[in-house]
Amino acid sequence: MKKDEPPFDFPDTLEGFEYAFNEKGQLRHIKTGEPFVFNYREDLHRWNQKRYEALGEIITRYVYELLESDCNLKKISIPVDATESEPKSFIFMSEDALTNPQKLMVLIHGSGVVRAGQWARRLIINEDLDSGTQIPFIKRAVDEGYGVIVLNPNENYIEVEKQKMHKQSSSDGTDEPAGKRERKDKVSKETKKRRDFYEKYRNPQKEKEMMQLFIRENGSPEEHAVYVWDHFIAQAAAENVFFVAHSYGGLAFVELMIQREADVKSKVTAVALTDSVHNVWHQEAGKSIREWMRENCCNWVSSSEPLDTSVESMLPDCPRVSAESTSTYITCPTREHEDILDHRLQTVKSENRREQKRRHRPSRAHFVEELPVHLQVLRGSLRSQEQLAEADPDAALAPDQARGAVSAQPPAAPARCPQPPGPH
């Protein structure tokens, strides 16, 4: 017997959902103390998913508030010259992001539903705030004297409800052009698909039809990275800029390099990637970019091999090393791990005019030693997620996985990322 699908009418606060984050940063039910339950109503997967997404939007706003209140970051609207009526996005920056003369940390998350300050929504909901957000890294970065800029590459448009069209061009369909009739036939087929889906329920809920209004010069993660570089990072006083990019964020960084190669090489000291989905062939990165990446980047990827074991790659770019995790979900940066701090990455090879300055610049080794993003790469939290998946196959799955996530390649002999050729 068909069921009545409940209305998509969800609370707009954590309290309304009867959930709260405890002192450990874990999301727990206020009354029972239990973790979040995805299958709140049996046999109503679509409703459960909508409920999960509604909770996710609340958590996104909650993380934004923490970035301002706990991390003391400023919310900066973009485009910087936006009119009052046009769609806008925003990033977050520390007070000294543009004025710190020494070092600046730039964080880029992956694709999907995650927004500024998050690595993975699923980890925030099922694990804790420290595992799923960038907040521990931001606090450590600020404590160690870094300026910080947090990008928001998935905030590319705003959604508005489509206005219903009452005007009809003709009451007789035979007078319509053939092309228009074909389009109507296509719409009819799509309508039939929706109707067939709704027949699962006796009283299905109709969703509003929305249209997307893209944000000027920020309509994609790649556009966003270039825009923030041009209007903020390139204007920063810091002599040493460091990037930490997860998943699709790595692709966005490579695209930034392609479009601003000379500027990036002159300003960026090192790049830490985690499960980056970049592809230097598909993105048509030139030889000079690939050589720079081999010397200045390192990519921690999903693998069952011991942490930091070299992982074979078919791409001629940066070294790939094991994150010691078999999870295909994500391998995002997390908390401290002493082994990672031992990495000493090779010093930047700059243009000749920068050779004398280089003596006074901290090397990539110093960056990693001080790095607030210690890249444990989910040794604890990812294993917890794997255990969760084994225990409950229907556990909440956030739709924020990377586009075309990279799977682990067969491992090679143990090796570390490149060592500097000499003392610094």
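**Pocket lining, aromatic contacts and strand pairing**

The largest pocket has a volume of about 1,200 Å³ in this structure, which is a predicted model. Its lining comprises 28 residues, of which K50, E53, E57, E159 and M210 are the closest to the centre of the pocket. Helix α2 (45-69) gives the most to the lining, with eight residues. Both α2 and β7 (157-161) supply at least two lining residues each.

Aromatic contacts were examined next. A pair of aromatic rings is described by the distance of the centres and the angle of the planes. Over the whole structure, 15 aromatic pairs were found. In one of them, Y19 and F36 are tilted relative to each other, with 5.6 Å from centre to centre and 55° between the planes. Y19 belongs to strand β1 (residues 19-21), whereas F36 lies in the loop between β2 (27-29) and α2, so this pair ties together parts of the chain that are 17 residues apart in sequence. Both Y19 and F36 are buried. Together with F38 and Y52, these two residues form one aromatic cluster.

Another pair is made by W229 and F243. The ring centres of W229 and F243 are 6.5 Å apart and the planes meet at 25°; the pair is therefore stacked, since planes under 30 degrees apart count as stacked. W229 is located in helix α7 (residues 221-231) and F243 in strand β9 (residues 240-246), so that distant parts of the chain, 14 residues apart, are linked. W229 is buried, with a relative accessible area of 1%, and F243 also counts as buried, at 1% relative accessibility. Buried here means under 20% relative accessible area.

Charged side chains also meet aromatic rings. The charged end of K75 sits over the ring of F90, at 4.1 Å from the ring centre. K103 lies over the face of Y146, and the distance to the ring centre is 4.5 Å.

Strand β9, which contains F243, is mostly covered, as seven of its seven residues are buried. From this strand, N240, F242, V244 and H246 point one way, while V241, F243 and A245 point the other way. Residues on both sides of β9 are buried.

Strand β9 pairs with two strands described here. With strand β5 (residues 103-108), β9 pairs in the parallel sense over six bridges. Within this pairing, N240 of β9 is the bridge partner of K103, the residue that lies over the face of Y146. Six bridges also join β9 to strand β10 (residues 268-274), and these two strands run parallel. In that pairing, F242 stands opposite A270 of β10.

Helix α7, the location of W229, also includes P221. With a relative accessibility of 4%, P221 counts as buried. The C-alpha atoms of P221 and S111 are 8.1 Å apart in space, although the two residues are separated by 110 residues in sequence.

Methods: Residues numbered from 1 in each chain as written. Predicted model: local features only at pLDDT ≥ 70, side-chain atom pairs only at ≥ 80, totals over all residues. Heavy atoms only, no water. 1 Å grid on protein atoms, 1.4 Å probe; cavity = no way out; pocket = protein on both sides within 12 Å on 5 of 7 lines; lining within 4 Å. Points joined across faces, edges and corners; volume = space filled by probe spheres on them. Helix = DSSP H or I, 4+ residues; strand = E, 2+ residues; numbered from the N terminus. Phe/Tyr/Trp six-rings, centres within 6.5 Å; stacked < 30°, edge-to-face > 60°. Buried < 20%, exposed > 50% of the residue type's maximum accessible area, 1.4 Å probe, protein only. Lys NZ or Arg CZ within 6 Å of the ring centre and 35° of its normal. Pairing = 2+ DSSP bridges.
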